Amino acid sequence: MYGRAFISWAGLCLLLLLPACAPRATKPAAPATPATPAVVPGGAEDLALRYLDAWARNDAAAQRQGLVDAPQDFDAQHARWRQDLGVIASRFDQVVLESQDATTAVVRFHGVHTLRGLGDWEVESRLRFVLRSKRWSLRWTPEVFHPDARPGDRFGRTRSWGPRAGLLDANGDPLTLPGEVIRIGVMPGRVKDRAAVANVLQSQLGVDPAKVLAALNAASAQPEQFIAFIDVRQERYQQIRPVLAPVPGIFFRKRPARLTPAEGFAAHTLGRVGDITAEALQSLGQPYQPGDVVGLSGLERAQERTLAGRPSGEVRLQRRSGGSELLYRFDGEPGRDVRTTLRMDVQSAAEAALVDVTQPAALVAVDTATGKVLAVASRPLGEGWHRALMGRYPPASTFKLVTATALLESGLKPDSRVDCPLEVTVGRKRFRNFESEVLGVTTLRRTFALSCNTTFIQLSAKLDPRALEDTARRFGFGVNYDVGLPSPGATLPPPKDDAERAADAMGQGRVLVTPLHMATVAAAAATGVWHAPRLLADAEPGPESRLNPGTTAMLRDLMRAVVTDGTAKSAASIPGLMGKTGTAEFGTSVPPETHAWFVGVRDGIGFAVFVEGGGVGGRVALPLAIRFLQALDSPGAIAPPTGRM
């Protein structure tokens, strides 16, 4: 009799006591206490172990060795068993000699068969041996697969997923619902003018003409094959059908889909579902298989296992005489809803703010009291990269929130007299104010409101060398946190020299932030507490840190001055708004290209607006922020369709 031990070559060596497998002893070993009897080479147990080891390795030739009266279709039966059940691996243990007499022996074993897309099916079965010419041989029957199997029977399986659970907003309302889309594509054999097809798909839907022509010209394209290019919602389909339908070769097909409240609504954050890809299949592993529909991006992918649950299924024995017998049932698990921190009204306002923005852009809003993410929007919608969470850029003058905090904590006040010259030189590097601005001797409040670079460079040079880095860390720079989706946060590496320290003070140098992180910086400046952002309502709060007491009121004073008397004065009519503009230089062009920033706080919402390569913050990002706040003041308005899924 033998205890639990999975069959492997090492285990087989030990069980068979083969000399070649024994370790070389350097001194006599202590006598062993007798346990279970050794397997006698050539005995029924020996053959059982060899057979099961070959089965686990899917070695049909080795399995046939030692068989007696083997069926002619032995190999085919094993191959059919694997194919019908989707067996991807088998392992065996608990190999026990159940009975033996002068001419027969029965060995019982425990098998674990891993079925693709379902999991492990455990089977207790038997191997029956006969003694002929003083040698044991295996008399194989389908009972080896399962005790109930008889010649001519076949194995089968079923498998199904339950309904996919939903992504919910902060109030528990659905952000994703089952619906229907129209898939737009072509049939090569019906196309009369390939250029016309490519041009109309580009003009109406933004489909790359080269992609269309390549698909039509592919050698594998069949005349009646439907080649899909894009899915659109019903409302968009109704708009473009009159233009597309008359073009020969373009066809439409309905298909079920998972829809959001409006086209493009939180598209990068919620993500999309679709047929499983090779990459997703490798990453997810069991219980997934080709043909499954899974989350491919965003929270749909990050929360795939929670939303999908587990599939259910059955292993059945199809009787040769008709009918079937249930052998095993896999009890699936229903998917569970995932509640996010997104607020429908705030997200709708973010979508409305960016609805006609054609440049790469992002808008993020957070709850100032908790760090919960209320809205996230990235543009363009047709690009998979989520720049609101993943893009890292120099924050430019929005970083002066951090620099001003360090200065205020060193003893300066908003009314302290400071100088704002045209330029300063630090470490042989000359720094000039944007658009050659000169304010002369004035207050810290005014230099912050009008974003004087030279003031902050001069003042930061007088701080302790570590002061700016230490302050930045309290705003989350260099702090790891889990948003719920990948996001690298913000970094401020130690400056290499005084010139880089000066550049850091004005948000250039090597300072890098995501739009999401800058929203948390604005929130912290207004509340005195930095909270790590998070997207999932049930997630534990992340790291947080506090500013020195007394600093917050002065920071709020400075941020309000930006709106009432500074670079964001065009938003002065918005009550309670505080913020900071930023124009971040990048690249090697002369003059350099610039990103546009505006970060702000109002009514408990901290937000950041970013336009990549957009130009001046106060002229480009600020108007989008105003549009966001105006849309927020008009609840219930969902952003209009943008034309793409």
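Mean pLDDT for the chain is 91, and 92% of the residues reach 70 or more. Where pLDDT is low, the predicted coordinates should not be read in detail.

The structure holds one disulfide. Its partners are Cys420 and Cys452, whose sulfur atoms lie 2.1 Å apart. The link between Cys420 and Cys452 is right-handed, with 100° about the S-S bond. Distant parts of the chain are tied together here, since the two cysteines stand 32 residues apart. Cys420 belongs to strand E18 (residues 417-420), whereas Cys452 sits in the loop between helix H15 (444-449) and helix H16 (453-460). Both Cys420 and Cys452 are buried.

Helix H16, on one side of that loop, is itself mostly covered, with seven of its eight residues buried. The buried residues are Asn453, Thr454, Thr455, Phe456, Ile457, Leu459 and Ser460. What do the buried residues of H16 pack against? Their partners are helix H14 (400-409), E18, strand E19 (423-426), strand E20 (429-432), H15 and helix H18 (498-505). Strand E18, which carries Cys420, is thus also among the elements packed against H16.

Next comes a pair of helices. Two packed helices are described by the angle between their axes and the distance between the axes. For helix H19 (residues 515-527) and helix H20 (residues 551-565), the axes come within 7 Å and cross at roughly 120°. On the H19 side the contact is made by Ala522, Ala525, Ala526 and Thr527, and on the H20 side by Thr552, Leu555, Arg556 and Met559.

Most residues other than glycine have a negative phi, and most peptide bonds are trans. The bond joining Gln286 and Pro287 is cis, with omega about 5°. Pro287 has its place in the loop between helix H9 (278-284) and strand E12 (293-295). A cis peptide bond also runs from Arg379 to Pro380, where omega is near 5°. Pro380 is found in the loop between strand E17 (373-379) and helix H13 (387-390).

Asn58, a residue other than glycine, has a phi near 55°. Asn58 lies in the loop between helix H2 (44-56) and helix H3 (60-64). Ser133, likewise not a glycine, has a positive phi of about 50°. The loop that holds Ser133 runs between strand E4 (119-132) and strand E5 (135-139). How exposed are these residues? Asn58 has a relative accessible area of 48%, so it is partly exposed. Ser133 reaches 72% relative accessibility and therefore counts as exposed.

Terms used
Residues numbered from 1 in each chain as written. Predicted model: local features only at pLDDT ≥ 70, side-chain atom pairs only at ≥ 80, totals over all residues. Heavy atoms only, no water. pLDDT = per-residue confidence, 0-100. Axes fitted to C-alpha atoms, helices over the stretch in contact; angles between N-to-C directions. Helix = DSSP H or I, 4+ residues; strand = E, 2+ residues; numbered from the N terminus. Contact = heavy atoms within 4.5 Å. Buried < 20%, exposed > 50% of the residue type's maximum accessible area, 1.4 Å probe, protein only. Disulfide = S-S within 2.5 Å.
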